[in-house]
Amino acid sequence: MPRQQVVSMRYAMRFFVFLGLAITLAGFGGYVWLRSYLHSEEFRVFIAEHSGKAMEVDVELEPLYWQGMRASTQGLKAEGLGFVRSVEARGIEARLSVSEIARGVWLINDLMVRELQVVLEAAEDQTTQVETADSPAKGEQGGFFGRLLPDKTEVGVVTIANLDMKLNSESGSLDFMDGNLKATRRVKSDVYDLEILNAIIDVSWMDSPLSLRSAKGRYANDHLYLQESHAGVFQRGLLTMSGELSADALVFDGTLKGIGADELLAEDWKKRISGD
């Protein structure tokens, strides 16, 4: 082989070695930068603002603690003037993935909440007045790599160990207590399939609370659709229901069976019938 070709091959080998090293160092530098940004106050503020925009509330998120790509915080508090009036969560853990950064998304594979308390207000004349600080432009976040930062967040699976929810409306109130909820996001959509187990439901128009055994539904476009539910009523009754819940709709249909007449009658009517 001519000497000139040998020298050219040596230069080519050096070029590819240096290119490989450069790519490796750039990747390592990008990882170090990303890790630094995730641990920063700037990222905590970003998450709080985007959570607030999703619920139309002002959010206060406590400091984040990291272990690898898993983050945890003691909790968050939020207040608003629209459909969502207040939110308080305790014991939050999330597993973050960087696999979707290329398409501009922070992907949270799993979000787990130990306790969640929510107050909702369904009124015809309600208005939403939420003031949130403007998020920095892409190029202003994270320094040199700021333009690469996602500006959207997606959550795969949400698990709430203990859910308490209060709904106030013109027709009455509903208290949902001690429920377990799991929400799973459908692939390539903003629709969540819901499953709820073991809750107590107290409504103002019923004398006895319901013991919810199970419920399945769907959340999409700020509407909660109840597809089926089974709840114990009084001593032996069973109530099955379906319906819709949103800021401007509260519609439910149900079937009640297994109720004895003595459970439905008022005490004074029981005495009249029995002759007491």
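A: Asp175 counts as partly exposed because its relative accessibility is 21%; buried means under 20% relative accessible area, exposed over 50%, and partly exposed in between (1.4 Å probe, protein chains only). Please note that this is a predicted model, in which local features need pLDDT of at least 70, side-chain atom pairs count only at pLDDT 80 or more, and totals for chains, interfaces and linings use all residues. Residues are numbered from 1 along each chain as its sequence is written, and side-chain values use heavy atoms, with hydrogens and water left out.

Q: Which residue forms a salt bridge with Asp175?
A: The partner is Lys166, with the closest N and O atoms 3.3 Å apart. A salt bridge here is a side-chain nitrogen of Lys or Arg within 4 Å of a carboxyl oxygen of Asp or Glu. Lys166 is also partly exposed, at 30% relative accessibility.

Q: How many salt bridges does a search of the whole structure find?
A: The search finds 10. Among them, the side chains of Arg95 and Asp110 meet at 2.4 Å, N to O. That pair links distant parts of the chain, with Arg95 in strand β4 (residues 84-97) and Asp110 in strand β5 (residues 105-122), 15 residues apart. Helices (H or I, at least four residues) and strands (E, at least two) are DSSP runs, numbered from the N terminus.

Q: Are Glu154 and Arg185 buried or exposed?
A: Both Glu154 and Arg185 are buried. Their side chains meet in a salt bridge at 3.4 Å, N to O. Glu154 lies in strand β6 (residues 152-169) and Arg185 in strand β7, so this pair ties together parts that are 31 residues apart in sequence.

Q: Which residues are linked in a network of salt bridges?
A: Glu88, Arg90, Arg114 and Glu115 are linked in such a network.

Q: Changing topic: how many bridges join β7 to β8?
A: There are 10 bridges between β7 (residues 172-185) and β8 (residues 192-203), and the two strands run antiparallel. Two strands pair if DSSP finds at least two bridges between them. Asn180 has Leu197 in β8 as its bridge partner. The two strands form a hairpin with six residues between them, and Lys188 in the turn has a positive phi of about 55 degrees.

Q: And what joins β8 to β9?
A: A hairpin does so, through six residues. Nine bridges join β8 to β9 (residues 210-220), again in an antiparallel arrangement. The bridge partner of Ala199 in β9 is Leu212.

Q: Where is Thr73 found?
A: Thr73 is in strand β3 (residues 70-79), and it counts as buried because its relative accessibility is 6%. A polar atom of its side chain lies 3.0 Å from the backbone oxygen of Glu62. The Thr73 side chain also reaches the backbone oxygen of Pro63 at 3.0 Å.

Q: What about helix α2: what should its 15 residues span?
A: At 1.5 Å a residue, helix α2 (residues 41-55) should span 21 Å, and its end C-alpha atoms are 21 Å apart, which agrees. The expected span is 1.5 Å times one less than the number of residues. Buried residues in α2 include Phe43, Phe46 and Ile47. Just after α2, Glu56 takes a positive phi of about 60 degrees.

Q: Finally, how many helices and strands does the chain have?
A: The chain has four helices and 12 strands. Buried residues make up 32% of its 276 residues.

Notes. Polar contact = N/O pair within 3.5 Å; in protein donor to acceptor, adjacent residues only side chain to side chain.
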